Amino acid sequence: MAEKPRRNAEGAPVGRRALLGMLGAGAAGLAAAPYLQRGWESVLGAASQVDATGLSGLLPNPGGFRYYSVVGSVPRKNDATYRLTLDGLVDRPRTYTLPELRALPQTRVVHDVLCTDGWRVDNTPFAGVRLADLLDAAGVRSEGAAIRFTCFDGAYTESLTLGQARRSDVLVALDMQDKPITHEHGGPVRLFVAPMYFYKSAKWLSGITVTDRVIPGFWEERGYAVDGWLDGADRSDGAA
């Protein structure tokens, strides 16, 4: 009588080891994911700074921010070189340094970030000085009706009405995701307009000018909506 095939006694333990190995690899991948994501974002950010074509913005970046600049390169600013000028139709124009902005009361706003290109990053914390506080300190004149923002890339501009600018969820932002805003993300200071598409949150902010009318910004001159409200956004000042 033929001998029955012998069962491989090591079969079951090998299977368990393989399964545990796969589970361990998966857990390690989940643990490493935030670091890998930040590393890939750094690569994309560096590429964007030398990419005059904008094609680097087409590279995949699942779950993270994308990088756009309307110029080929942007100078870097730090505590010693950064300046933010507030002028126009105000009684007390002023220029702020980065340490001076950090010494002012800070407000933290957590909101989803949405781009007109379709990508989004949910529940993103930004912190900085409420734009309304800077405007109050400057003393907006009665004829002031809007704000024009300029940037130290030398090209980008944005706009808000005075009412929009005074919302409690509109910041001159210094931190993003609870860390100082990097150069690639528009730092050291950028605008954050929580209830609007991200093109309204101008990067590399250097100037705030109070005007008597809305002056369309860079993308608005190229067909974007002047009021870039997100769908369903509360258009009154109802933010916490």
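Two strands are taken to pair if DSSP finds at least two bridges between them, where helices (H or I, at least four residues) and strands (E, at least two) are DSSP runs numbered from the N terminus. The model is predicted, so that local features need pLDDT of at least 70 and side-chain atom pairs count only at pLDDT 80 or more, while totals for chains, interfaces and linings use all residues. Residues are numbered from 1 along each chain as its sequence is written, and side-chain values use heavy atoms, with hydrogens and water left out.

In this model D87 stands opposite T209 in β10, and β1 and β10 pair in the parallel sense over 4 bridges. Both strands belong to an open sheet of 5 strands, ordered β2-β1-β10-β5-β6 with mixed pairing. Because β2 (94–97) and β6 (157–161) each have a single partner strand, they stand at the edges, and one side of each is left without a neighbour in the sheet.

Across β1, β2, β5 and β10 lies α3, running at about 55° to β1; axes are lines fitted to C-alpha atoms, for helices over the stretch in contact, and angles run from 0 to 180 degrees between N-to-C directions.

The largest nonpolar core has 38 residues, with L84, L131 and I208 making the most contacts inside it. Such a core is a set of buried Ala, Val, Leu, Ile, Met, Phe, Trp, Tyr and Cys residues joined through side-chain atoms within 4.5 Å, buried meaning under 20% relative accessible area (1.4 Å probe, protein chains only). Its largest share, 4 residues, comes from α3. Leaving aside neighbours within four places in sequence, L131 is in contact (heavy atoms within 4.5 Å) with residues including F149, V172 and I208.

How values were computed:
Buried < 20%, exposed > 50% of the residue type's maximum accessible area, 1.4 Å probe, protein only.
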